[in-house]
Amino acid sequence: MGKVSIGLRGWRFDEDELFTDAGGWKPLEEIPREPRHRLVRLQVVMNKPCDACYLIHGEENKRQCRPASIVYGEPLDEVLLCDEHEADFLFWFRERGGASIAGEETFRDAFHEWFDDGDRAPDGYGGMEHVEEAPEELPDLRDPEDLYEGEDLLADERPDFDDEADADAGDAEGDDAGDGLSVDDLDLDREYPT
Ligand SMILES: [Zn+2]
């Protein structure tokens with residue numbers, strides 16, 4: 001079986017770790033720890049602003065940030081990027097020492113500091129070819145708090161895009177299910193690498 005990205009490009013999963021032979025999602029408990037952590041983390045960081053955009057625009061202008069479409073790094077120390085800023089990250093990773101600290105706690109901060117100092121990839125720097133399309137939907141991650149209590153996987157210091165209309169609507173409905181993903185939302189269609 002091949003590799004596939006879920007939700008955001010960048011992180012790649014072995015399909016046979018996520019999906020049953022019939023093509024459905026495996027129960028979360030049966031997914032190995034590492035990809036399971038990334039899945040839970042994706043639930044938290046999807047629809048967040050690109051880290052680089054946010055460094056440029058800041059809290060007061062965060063609506064000008066593009067939503068992240070790419071994720072690199074380890075869960076909790078991941079870097080979120082839009083298409084525009086992926087080349088800057090890849091340049092830092094390949095040419096400015098990023099690869100040498102991959103997996104370390106300083107990874108994200110080091111990229112942020114480099115970028116915030118005004119460093120950028122040269123014009124036309126080659127990005128990454130992403131052969132696979134990213135499916136939009138995550139599996140139904142039931143009560144991830146129960147599974148990951150104490151691991152802080154659900155904590156994120158990044159800002160959300162403000163959407164007061166959505167927040168009000170949610171409150172008005174008084175929906176106990178909250179805004180989490182449900183089985184009904186699942187779209188199991190996914191694109192396979194070619
Ligand atoms: Zn960006």
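Among contacts in the chain between residues at least 6 apart in sequence, those joining residues at least 24 apart make up 64% in this predicted model. The secondary structure comprises 7 helices and 4 strands, and from the N terminus on these elements follow the order β-β-α-α-α-β-β-α-α-α-α. Of the 194 residues of the chain, 23% count as buried.

The mean pLDDT of the chain is 79, with 70% of its residues reaching 70 or more. Over residues 165-194, by contrast, the pLDDT is below 50, although this stretch has 30 contacts in the model beyond near neighbours in sequence. Where pLDDT is low, the predicted coordinates should not be read in detail.

The largest nonpolar core contains 27 residues, of which C50, A68, V71, L81 and F89 touch the most other members. Two or more residues are given to this core by each of helix 2 (33-45), helix 3 (51-57), strand 3 (70-72), strand 4 (79-81), helix 4 (83-95) and helix 5 (107-116).

Helix 2, one of the elements contributing to the core, has 13 residues and reaches 18 Å from its first C-alpha to its last, close to the 18 Å expected at 1.5 Å a residue. Within helix 2, the buried positions are R36, R38, L39, V40, R41 and L42, and just after the helix N47 takes a positive phi of about 70°.

Not counting residues up to four places away in sequence, F107 touches G73, D77, I101 and A102, while F93, at a separation of 14 residues in sequence, is 9.7 Å away from F107 in space, C-alpha to C-alpha.

A155 and L76 are 79 residues apart in sequence, yet their C-alpha atoms are 8.3 Å apart in space.

Notes. Residues numbered from 1 in each chain as written. Predicted model: local features only at pLDDT ≥ 70, side-chain atom pairs only at ≥ 80, totals over all residues. Buried ≥ 20, exposed ≤ 12 C-beta atoms within 10 Å, placed from the backbone. Contact = placed C-beta atoms within 7 Å. Core = buried A, V, L, I, M, F, W, Y, C linked by C-beta atoms within 7 Å. Expected span 1.5 Å × (residues − 1). pLDDT = per-residue confidence, 0-100.
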